[in-house]
Amino acid sequence: MPLQAISHCFASGSKKPCKAVEHDRFAILQQKFSTPQEITGACISCHNHRHTEVMQSNHWNWEREEYIQARGIVSIGKKNAVNNFCIGAMGNEQSCAKCHIGLGMTADGFSFTDAKNIDCLVCHDNTETYAKGQEMGGAPDPALDLGNIARHVGRPQRANCGVCHFYGGGGNNVKHGDLEQALFEPQRDVDVHMGIDGVNMVCVDCHTTEKHNIAGKLYSLSSMNRNRAMCEQCHTATPHDDDVLNEHTLKVACQTCHIPVYAKVNATKTHWDWAQAGKLRDGKPYEEDDKDGNHTYLSIKGRFEWGKNLEPEYVWFNGTASHYLLGDTYSDTTRPIVLNTLHGSYDDDEAKIIPVKVHRAIQPADPVNRTLIMPKLYADVEGEGGFWKDFDWKRSSEIGMKAAGLPFSGQVAFVKTEMYWPVNHMVSAKGATVQCTECHTRKDGRLASLTDFYMPGRDYSGPVETGGAALLLLTVFGVVAHGSLRAFVAVRRRKGGAR
Amino acid sequence: MNGNRVYVYRAFERFWHWSQSVLILFLAVTGFEIHGAITFFGFHQAVIYHNTAAYALIVLIAFAIFWHLATGEWKQYVPTATHIKAQTNYYIFGIFRNVPHPTKKTALSKLNPLQRLVYFALKVLVIPVIVTSGLLYMLYRYPHRHGIEALNIDTLHTIAIIHTVGAFLLIAFIVAHIYLITTGTTVLSNLKAMLTGYEDAAHMGQHDTSETPSQITDKEVQS
């Protein structure tokens, strides 16, 4: 790099990395690309080891090896994970590939070893024009000027990440609640870090990346306490001037106080009832929306509930989780089946209280085999057994479970499930944090459900309170009685003396 | 000043008494706010005030202990069985009949047998319990934070409840104490003595049953 360029970078006063090269001057990019794979080839011709990093990432593999308590080392990913939104990716690859960083993903299979299938542009496009086509197995929209995009690549911007991560679950903010399109250009009151009227940070400022391994992951799939993006990276473990507040950081995660509400701009899905799916009007599927335009009913998916400006729920979390994986059997039907159990308790040194969005659902299960069902949902045409076309639970379950290689009894029941989504974004400004007495209060505090520890202001011993009150009352009563008697005697004596 | 007054409470003693009483009342208000029972300063301020006042009280107690040891005044608090019945009878019966105090207040024996008993219990039981539990309440995380596993306290539960018990006992004491100071020779004589240090000698000693007959008069003190 010429010295002049370096000094130019620092002279601008920006601490963010500046562009080391101008891609639009590279000869190899001055051509008309007919396939996206050609671009990938051009990228690799200079960045000649990066593709090996990408191909080790879970953005590419859609799975990773995790150690799960009481289960051992398991490969977890789209192949075996179950959620309580669209349930799973299996059999729906064509449309799901819209959010894979690969090209050429079809139901028939995908070559995870062909580096040409890496979609560099989806993350590195800096023109904000790149978009994947609908149900094209991950290929870009054919109308795009790929050459122009290839000449304008760089560090991922909010749009690169958000185009997938803001729309998980098939719509804006459906899954996370704290990651949605409002974060493309938020105000500071929505997210203090990303606010365009503030420090204007992008995702990868916190989700620091080394060799395409991006820090931070979500515990809908992750199980281990590793490679996390933490507030402490910048803020340290004792960021307050006040020691009393700093002591909280031992047991309370930053997010717990600093994210008082989530889904600040648009609603997020809180409940999904698959049991209501399949109703038709005049033989046709229909939809119902609320006043904000959120679907409250879809024949293909069932009934939904949404929430905006939600107070999180709170759980102990030590950084490890266990997961319901495809084929697991459930035993207790009196309580909801938790699809990702976040571990931790007060007694756990590693655990802190974190805020979560709990997504609750009623979803199909096989009551005989006691497994959750992975139905075939998507189909191109009617008659293929896809629920979204044929509305036949038994058939779509049979096909889906067969594709998953799992037994199916032929019966479909509906069971309650829960998923825990840690809330990490939409951090509020300093003045808008959770106040002491929102937790330190006797009744209905935010932490009312966490009862495995003593919290000042909330907890007390019933007998001590009653005994203490009785002691004080008795003392006051004794004093009043004694004093009155003294006064009475004194007055009588004085009168007597006067007589 | 006429020489018929007795110097009972020395300057440090009065300073100790009043600053302690202010601190304890302040700790009670802030403490019960932290306890969730009342709202006054706001929780955050209450915590800061309570902790600061707690350290102030501990410093004061340290000075008071030193003073008591250095002056030998600690002997005042040694409980005695003598006249305890007489004193009890006085509060239950005699006081209503305008009978004089059975024991006499002097500079060398300013506490009656019941006071000795109660203050002794305060000093060896209630205060140490509330101070120790309070310190643990504030500091229990520190061994943990510094990785001293052996000193780990797993829960605040026991500490907090003991601290609360101490608080109730102290408040009950204060209520009774504030009333009992009116049971001096006149309603205000005890209060006046704790404010000025002097008690009118005319009011003292008519029925002296105390074993410590000597009195320090105003004159003697000033000389």
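A:Cys439 counts as buried at 12% relative accessibility (buried is under 20% relative accessible area, exposed over 50%, partly exposed in between, with a 1.4 Å probe and protein chains only). This is a predicted model, in which local features need pLDDT of at least 70 and side-chain atom pairs count only at pLDDT 80 or more, while totals for chains, interfaces and linings use all residues. Side-chain values use heavy atoms, without hydrogens and water, and residues are numbered from 1 along each chain as its sequence is written.

**Cysteines**

- The whole structure holds 0 disulfides over all chains (a disulfide is a pair of cysteine sulfur atoms within 2.5 Å).
- A:Cys439 is in no disulfide, and the nearest cysteine sulfur, that of A:Cys257, is 6.3 Å away.
- That distance of 6.3 Å is too far for a bond.
- A:Cys257 is partly exposed, at 27% relative accessibility.

**Salt bridges**

- The count is 20 salt bridges over all chains (a side-chain nitrogen of Lys or Arg within 4 Å of a carboxyl oxygen of Asp or Glu).
- A:Glu311 pairs with A:Arg446, with the closest N and O atoms 3.6 Å apart.
- This pair links distant parts of the chain, 135 residues apart: A:Glu311 is in the loop between β8 (302–307) and β9 (313–317), and A:Arg446 in the loop between α15 (436–439) and α16 (462–498), all in chain A (helices are DSSP runs of H or I with at least four residues, strands runs of E with at least two, numbered from the N terminus).
- A:Glu311 is partly exposed at 48%, whereas A:Arg446 is buried at 11%.
- A:Arg360 and A:Glu313 form a salt bridge at 2.9 Å, N to O.
- A:Arg360 lies in strand β13 and A:Glu313 in strand β9 of chain A, so the pair ties together parts 47 residues apart in sequence.
- A:Arg64, A:Glu66 and A:Arg226 are linked in a network of salt bridges.

**Surface patches**

- Patches are made of residues with over 30% relative accessible area and no salt bridge, joining like charges within 9 Å and nonpolar side chains (Val, Leu, Ile, Met, Phe, Trp, Tyr) within 5 Å.
- A:Asp347, A:Asp349, A:Glu350, A:Asp452 and B:Asp154 gather in a surface patch of negative charge (Asp and Glu count as negative, placed at CG of Asp or CD of Glu).
- A:Glu350 is exposed, with a relative accessible area of 56%.
- B:Val29, B:Ile38, B:Phe40, B:Phe41 and B:Tyr49 form a nonpolar surface patch, together with about 430 Å² of accessible area (Shrake-Rupley method, 1.4 Å probe).
- B:Phe40, in the loop between α1 (11–34) and α2 (43–71) of chain B, is exposed at 60% relative accessibility.

Terms used
Chains lettered and ligands numbered in written order.
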